[in-house]
2 protein chains.
Amino acid sequence: MLCAGKKRRSSCPVTFALDRVGDKWSLLIVRDLMFRGKETYGEFLNSGDGIATNVLADRLKCLETEGIIERSRDPENKRRYLYRLTDKGLDLAPLLLEMIRWSAKYDADTGTPEEFLGMIENDMEGLIKKVREGMKI
Amino acid sequence: MLCAGKKRRSSCPVTFALDRVGDKWSLLIVRDLMFRGKETYGEFLNSGDGIATNVLADRLKCLETEGIIERSRDPENKRRYLYRLTDKGLDLAPLLLEMIRWSAKYDADTGTPEEFLGMIENDMEGLIKKVREGMKI
(Lines give C-alpha, C1' and ligand atoms only; values in the text may rest on other atoms or scores of the structure.)
Protein backbone atom coordinates (compact mmCIF):
# COMPACT_ATOMS: atom_id res chain seq x y z
CA MET A 1 0.00 0.00 0.00
CA LEU A 2 1.26 3.38 -1.00
CA CYS A 3 1.14 6.22 1.46
CA ALA A 4 1.91 9.88 0.76
CA GLY A 5 5.50 10.40 -0.27
CA LYS A 6 6.14 7.08 -1.96
CA LYS A 7 7.25 7.13 -5.56
CA ARG A 8 4.77 6.24 -8.30
CA ARG A 9 5.68 3.64 -10.87
CA SER A 10 3.12 4.54 -13.53
CA SER A 11 0.12 6.64 -14.45
CA CYS A 12 -2.06 3.53 -14.78
CA PRO A 13 -5.46 4.15 -13.14
CA VAL A 14 -5.73 0.59 -11.88
CA THR A 15 -2.37 0.92 -10.12
CA PHE A 16 -3.44 4.30 -8.71
CA ALA A 17 -6.53 2.82 -7.07
CA LEU A 18 -4.76 -0.33 -5.92
CA ASP A 19 -1.96 1.68 -4.34
CA ARG A 20 -4.57 3.54 -2.30
CA VAL A 21 -7.27 1.02 -1.50
CA GLY A 22 -6.07 -2.22 -3.09
CA ASP A 23 -5.18 -3.65 0.24
CA LYS A 24 -7.66 -6.00 1.81
CA TRP A 25 -7.69 -4.24 5.17
CA SER A 26 -8.14 -0.76 3.74
CA LEU A 27 -11.21 -1.78 1.81
CA LEU A 28 -12.66 -3.61 4.81
CA ILE A 29 -12.38 -0.39 6.82
CA VAL A 30 -14.12 1.47 3.97
CA ARG A 31 -16.81 -1.25 3.98
CA ASP A 32 -17.31 -0.90 7.75
CA LEU A 33 -17.74 2.86 7.40
CA MET A 34 -19.89 2.68 4.29
CA PHE A 35 -22.27 -0.18 4.98
CA ARG A 36 -22.06 -1.06 8.65
CA GLY A 37 -22.24 2.21 10.49
CA LYS A 38 -18.95 1.61 12.28
CA GLU A 39 -16.94 4.68 13.11
CA THR A 40 -14.45 4.02 15.89
CA TYR A 41 -11.10 2.26 16.13
CA GLY A 42 -12.61 -0.30 18.50
CA GLU A 43 -15.47 -1.05 16.14
CA PHE A 44 -13.09 -1.65 13.22
CA LEU A 45 -10.91 -3.84 15.41
CA ASN A 46 -13.84 -6.03 16.42
CA SER A 47 -15.31 -6.28 12.96
CA GLY A 48 -14.76 -10.02 12.82
CA ASP A 49 -12.07 -10.11 10.16
CA GLY A 50 -9.19 -10.41 12.58
CA ILE A 51 -7.27 -7.26 11.72
CA ALA A 52 -4.18 -6.70 13.90
CA THR A 53 -4.01 -3.46 15.89
CA ASN A 54 -0.81 -2.25 14.23
CA VAL A 55 -2.23 -2.93 10.74
CA LEU A 56 -5.46 -1.13 11.63
CA ALA A 57 -3.60 1.91 12.97
CA ASP A 58 -1.42 1.99 9.84
CA ARG A 59 -4.32 1.69 7.39
CA LEU A 60 -6.38 4.37 9.17
CA LYS A 61 -3.43 6.72 8.94
CA CYS A 62 -2.91 5.95 5.24
CA LEU A 63 -6.59 6.34 4.40
CA GLU A 64 -6.59 9.69 6.22
CA THR A 65 -3.41 10.81 4.44
CA GLU A 66 -5.01 9.91 1.11
CA GLY A 67 -8.10 11.95 1.98
CA ILE A 68 -10.40 8.93 1.86
CA ILE A 69 -11.44 9.18 5.51
CA GLU A 70 -11.35 11.96 8.09
CA ARG A 71 -11.49 11.90 11.84
CA SER A 72 -12.81 14.15 14.56
CA ARG A 73 -12.90 13.92 18.34
CA ASP A 74 -15.96 12.14 19.70
CA PRO A 75 -17.97 14.88 21.46
CA GLU A 76 -19.17 12.29 23.98
CA ASN A 77 -15.69 10.93 24.72
CA LYS A 78 -12.89 13.37 24.05
CA ARG A 79 -10.26 10.63 24.20
CA ARG A 80 -11.81 8.87 21.24
CA TYR A 81 -11.87 9.64 17.53
CA LEU A 82 -14.79 9.19 15.18
CA TYR A 83 -13.95 8.32 11.58
CA ARG A 84 -16.05 9.01 8.52
CA LEU A 85 -15.70 8.77 4.75
CA THR A 86 -14.91 11.92 2.79
CA ASP A 87 -16.48 12.50 -0.63
CA LYS A 88 -13.46 10.76 -2.13
CA GLY A 89 -14.18 7.78 0.13
CA LEU A 90 -17.90 7.79 -0.62
CA ASP A 91 -17.02 7.76 -4.32
CA LEU A 92 -15.72 4.23 -3.76
CA ALA A 93 -19.34 3.06 -3.40
CA PRO A 94 -19.71 1.89 -7.04
CA LEU A 95 -16.47 -0.09 -6.77
CA LEU A 96 -17.62 -1.82 -3.56
CA LEU A 97 -21.08 -2.47 -4.95
CA GLU A 98 -19.60 -4.10 -8.06
CA MET A 99 -17.46 -6.20 -5.74
CA ILE A 100 -20.59 -7.27 -3.86
CA ARG A 101 -22.40 -8.04 -7.12
CA TRP A 102 -19.52 -10.22 -8.34
CA SER A 103 -19.28 -12.08 -5.03
CA ALA A 104 -23.00 -12.68 -4.86
CA LYS A 105 -22.84 -14.25 -8.31
CA TYR A 106 -19.95 -16.58 -7.53
CA ASP A 107 -20.31 -17.31 -3.84
CA ALA A 108 -22.93 -19.94 -3.11
CA ASP A 109 -22.81 -18.94 0.57
CA THR A 110 -23.02 -15.21 0.11
CA GLY A 111 -24.32 -13.24 3.06
CA THR A 112 -25.75 -10.48 0.90
CA PRO A 113 -29.49 -9.93 1.51
CA GLU A 114 -31.69 -10.68 -1.53
CA GLU A 115 -33.31 -7.26 -1.29
CA PHE A 116 -29.95 -5.52 -1.50
CA LEU A 117 -28.92 -7.60 -4.50
CA GLY A 118 -32.18 -6.70 -6.20
CA MET A 119 -31.32 -3.03 -5.74
CA ILE A 120 -27.85 -3.59 -7.21
CA GLU A 121 -29.36 -5.25 -10.28
CA ASN A 122 -32.31 -2.94 -10.81
CA ASP A 123 -31.33 0.48 -9.55
CA MET A 124 -27.59 0.86 -9.04
CA GLU A 125 -27.81 4.63 -9.39
CA GLY A 126 -30.51 4.94 -6.74
CA LEU A 127 -28.59 2.60 -4.47
CA ILE A 128 -25.37 4.62 -4.75
CA LYS A 129 -27.38 7.71 -3.79
CA LYS A 130 -28.84 5.92 -0.77
CA VAL A 131 -25.43 4.68 0.36
CA ARG A 132 -24.08 8.23 0.12
CA GLU A 133 -27.00 9.38 2.24
CA GLY A 134 -26.10 6.87 4.92
CA MET A 135 -28.15 3.73 4.17
CA LYS A 136 -26.68 0.66 5.85
CA ILE A 137 -27.02 -2.97 4.77
CA MET B 1 -4.92 -13.82 -0.42
CA LEU B 2 -7.04 -16.88 0.02
CA CYS B 3 -6.43 -19.89 -2.14
CA ALA B 4 -8.56 -23.04 -2.31
CA GLY B 5 -8.62 -24.88 0.97
CA LYS B 6 -8.24 -21.96 3.34
CA LYS B 7 -10.93 -21.40 5.93
CA ARG B 8 -13.46 -18.62 5.44
CA ARG B 9 -14.06 -16.16 8.20
CA SER B 10 -17.42 -14.79 7.06
CA SER B 11 -20.07 -14.76 4.36
CA CYS B 12 -19.44 -11.06 3.70
CA PRO B 13 -19.38 -10.41 -0.05
CA VAL B 14 -16.68 -7.77 0.24
CA THR B 15 -14.42 -10.24 2.07
CA PHE B 16 -15.23 -12.91 -0.53
CA ALA B 17 -14.03 -10.70 -3.38
CA LEU B 18 -11.04 -9.36 -1.47
CA ASP B 19 -9.91 -12.86 -0.55
CA ARG B 20 -9.87 -13.73 -4.24
CA VAL B 21 -8.77 -10.61 -6.06
CA GLY B 22 -8.14 -8.07 -3.29
CA ASP B 23 -4.45 -8.36 -3.68
CA LYS B 24 -2.72 -5.73 -5.74
CA TRP B 25 -0.81 -8.21 -7.89
CA SER B 26 -3.82 -10.39 -8.69
CA LEU B 27 -5.80 -7.44 -10.00
CA LEU B 28 -2.85 -6.18 -12.02
CA ILE B 29 -2.68 -9.58 -13.75
CA VAL B 30 -6.43 -9.35 -14.42
CA ARG B 31 -5.86 -5.84 -15.79
CA ASP B 32 -3.07 -7.06 -18.10
CA LEU B 33 -5.32 -9.80 -19.45
CA MET B 34 -8.41 -7.64 -19.71
CA PHE B 35 -7.13 -4.35 -21.11
CA ARG B 36 -3.61 -4.87 -22.38
CA GLY B 37 -3.75 -8.06 -24.42
CA LYS B 38 -1.04 -9.71 -22.36
CA GLU B 39 -1.27 -13.47 -22.06
CA THR B 40 2.05 -15.02 -21.11
CA TYR B 41 4.07 -15.30 -17.91
CA GLY B 42 6.85 -13.23 -19.48
CA GLU B 43 4.45 -10.47 -20.48
CA PHE B 44 3.00 -10.23 -16.95
CA LEU B 45 6.51 -10.19 -15.50
CA ASN B 46 7.60 -7.30 -17.73
CA SER B 47 4.43 -5.28 -17.23
CA GLY B 48 6.30 -2.45 -15.54
CA ASP B 49 4.92 -2.86 -12.04
CA GLY B 50 7.89 -4.80 -10.70
CA ILE B 51 6.16 -8.02 -9.69
CA ALA B 52 8.57 -10.66 -8.35
CA THR B 53 8.69 -14.01 -10.17
CA ASN B 54 7.64 -16.03 -7.12
CA VAL B 55 4.70 -13.69 -6.45
CA LEU B 56 3.62 -13.85 -10.08
CA ALA B 57 3.75 -17.66 -10.11
CA ASP B 58 1.76 -17.82 -6.88
CA ARG B 59 -0.92 -15.38 -8.03
CA LEU B 60 -1.35 -17.11 -11.38
CA LYS B 61 -1.85 -20.40 -9.58
CA CYS B 62 -4.37 -18.87 -7.17
CA LEU B 63 -6.32 -17.13 -9.93
CA GLU B 64 -6.45 -20.42 -11.82
CA THR B 65 -7.55 -22.33 -8.71
CA GLU B 66 -10.31 -19.77 -8.20
CA GLY B 67 -11.47 -20.20 -11.80
CA ILE B 68 -10.75 -16.58 -12.68
CA ILE B 69 -8.16 -17.43 -15.34
CA GLU B 70 -7.38 -20.55 -17.33
CA ARG B 71 -4.28 -21.62 -19.22
CA SER B 72 -3.52 -23.66 -22.28
CA ARG B 73 -0.32 -24.61 -24.07
CA ASP B 74 0.78 -22.11 -26.67
CA PRO B 75 0.34 -23.92 -30.01
CA GLU B 76 3.34 -22.01 -31.38
CA ASN B 77 5.59 -22.83 -28.45
CA LYS B 78 4.66 -25.98 -26.57
CA ARG B 79 6.87 -25.05 -23.61
CA ARG B 80 4.85 -21.93 -22.95
CA TYR B 81 1.38 -21.37 -21.49
CA LEU B 82 -1.16 -18.85 -22.65
CA TYR B 83 -3.47 -17.41 -20.00
CA ARG B 84 -6.93 -15.98 -20.50
CA LEU B 85 -9.82 -14.78 -18.36
CA THR B 86 -12.74 -17.11 -17.78
CA ASP B 87 -16.30 -15.74 -17.64
CA LYS B 88 -15.81 -15.33 -13.89
CA GLY B 89 -12.70 -13.26 -14.62
CA LEU B 90 -14.40 -11.23 -17.35
CA ASP B 91 -17.18 -10.48 -14.86
CA LEU B 92 -14.62 -8.42 -12.95
CA ALA B 93 -14.79 -5.81 -15.74
CA PRO B 94 -17.33 -3.52 -13.96
CA LEU B 95 -15.20 -3.56 -10.80
CA LEU B 96 -12.05 -2.61 -12.70
CA LEU B 97 -13.86 0.03 -14.71
CA GLU B 98 -15.21 1.62 -11.51
CA MET B 99 -11.67 1.57 -10.19
CA ILE B 100 -10.48 3.37 -13.33
CA ARG B 101 -13.32 5.91 -13.04
CA TRP B 102 -12.42 6.66 -9.41
CA SER B 103 -8.72 7.03 -10.18
CA ALA B 104 -9.35 9.29 -13.15
CA LYS B 105 -11.39 11.56 -10.89
CA TYR B 106 -8.78 11.81 -8.15
CA ASP B 107 -5.47 11.43 -9.96
CA ALA B 108 -4.34 14.62 -11.66
CA ASP B 109 -1.75 12.61 -13.59
CA THR B 110 -4.02 9.79 -14.71
CA GLY B 111 -2.91 7.90 -17.79
CA THR B 112 -6.46 7.01 -18.81
CA PRO B 113 -7.30 8.21 -22.34
CA GLU B 114 -10.07 10.83 -22.51
CA GLU B 115 -12.00 8.76 -25.01
CA PHE B 116 -12.06 5.77 -22.69
CA LEU B 117 -13.23 7.91 -19.78
CA GLY B 118 -16.00 9.27 -21.96
CA MET B 119 -17.17 5.73 -22.61
CA ILE B 120 -17.13 4.96 -18.87
CA GLU B 121 -19.26 8.02 -18.15
CA ASN B 122 -21.68 7.74 -21.06
CA ASP B 123 -22.03 4.08 -21.91
CA MET B 124 -20.73 1.78 -19.19
CA GLU B 125 -22.91 -1.08 -20.38
CA GLY B 126 -21.67 -0.83 -23.95
CA LEU B 127 -18.10 -0.57 -22.71
CA ILE B 128 -18.39 -3.71 -20.57
CA LYS B 129 -19.68 -5.55 -23.63
CA LYS B 130 -16.74 -4.33 -25.72
CA VAL B 131 -14.24 -5.33 -23.04
CA ARG B 132 -15.78 -8.80 -22.92
CA GLU B 133 -15.42 -8.98 -26.68
CA GLY B 134 -11.73 -8.23 -26.42
CA MET B 135 -11.41 -4.45 -26.77
CA LYS B 136 -8.09 -3.19 -25.40
CA ILE B 137 -7.32 0.29 -24.05
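Biologist: How do you know through which surface the copies meet?

Modeller: Keep in mind that this is a predicted model. Here 100% of the interface residues of chain A are also interface residues in chain B, so the copies meet through the same surface.

Biologist: And what makes a residue count as being in contact with the other chain?

Modeller: The C-beta atoms of the two residues, placed from the backbone, have to lie within 7 Å. By that test, 37 residues of chain A are in contact with 37 residues of chain B. Helices α1 (13-21), α2 (24-35) and α6 (93-106) of chain A each bring at least two residues to the side that touches chain B. The largest share of that side, 11 residues, is from α6(A). Sorted by class, the side of chain A that touches chain B has 17 nonpolar, 10 polar and 10 charged residues.

Biologist: Why are α6(A) and α1(B) called roughly perpendicular?

Modeller: Angles of 65 to 115 degrees count as roughly perpendicular. α6(A) packs against α1 (residues 13-21) of chain B at about 85 degrees, with the axes 8 Å apart. The pair is therefore roughly perpendicular.

Biologist: Which residues meet there?

Modeller: From α6(A) you have Leu96(A), Met99(A), Ile100(A), Trp102(A), Ser103(A) and Ala104(A), and they meet Pro13(B), Val14(B), Phe16(B) and Ala17(B) of α1(B). By class, this contact has nine nonpolar residues, one polar and no charged.

Biologist: Now inside chain A, what makes α2(A) roughly perpendicular to α4(A)?

Modeller: α2(A) and α4 (residues 53-65) of chain A pack at about 75 degrees, and their axes are 10 Å apart. That makes α2(A) roughly perpendicular to α4(A). In this contact, Trp25(A), Ser26(A) and Ile29(A) of α2(A) meet Val55(A), Arg59(A), Leu60(A), Cys62(A) and Leu63(A) of α4(A). The classes come out as six nonpolar, one polar and one charged.

Biologist: How do you know that β1(A) and β2(A) pair?

Modeller: Pairing takes at least two bridges between the strands, as found by DSSP. β1 (residues 69-74) and β2 (residues 77-85) of chain A are joined by six bridges and run antiparallel, so by that cut-off they count as paired. Arg71(A), for one, stands opposite Tyr83(A) in β2(A). A hairpin of two residues links β1(A) to β2(A).

Biologist: How many bridges join β1 to β2 in chain B?

Modeller: Six, between antiparallel strands β1 (residues 69-74) and β2 (residues 77-85) of chain B. Ser72(B) stands opposite Leu82(B) in β2(B), and a hairpin joins β1(B) to β2(B) through two residues.

Biologist: Last one: where do the domains of chain A lie in the numbering?

Modeller: The domain assignment puts domain 1 at 13-86 and domain 2 at 93-132. Their C-alpha centres are 21 Å apart.

Conventions: Residues are numbered from 1 along each chain as its sequence is written. Chains are lettered from A and ligands numbered from 1 in the order in which they are written. This is a predicted model: local features need pLDDT of at least 70, side-chain atom pairs count only at pLDDT 80 or more; totals for chains, interfaces and linings use all residues. Domain bounds come from an automatic or database domain assignment. Helices (H or I, at least four residues) and strands (E, at least two) are DSSP runs, numbered from the N terminus. Ala, Val, Leu, Ile, Met, Phe, Trp, Tyr, Cys and Pro count as nonpolar, Asp, Glu, Lys and Arg as charged, and the others, Gly among them, as polar. Axes are lines fitted to C-alpha atoms, for helices over the stretch in contact, and angles run from 0 to 180 degrees between N-to-C directions. Angles under 35 degrees count as roughly parallel, over 145 as roughly antiparallel, 65 to 115 as roughly perpendicular and the rest as oblique.
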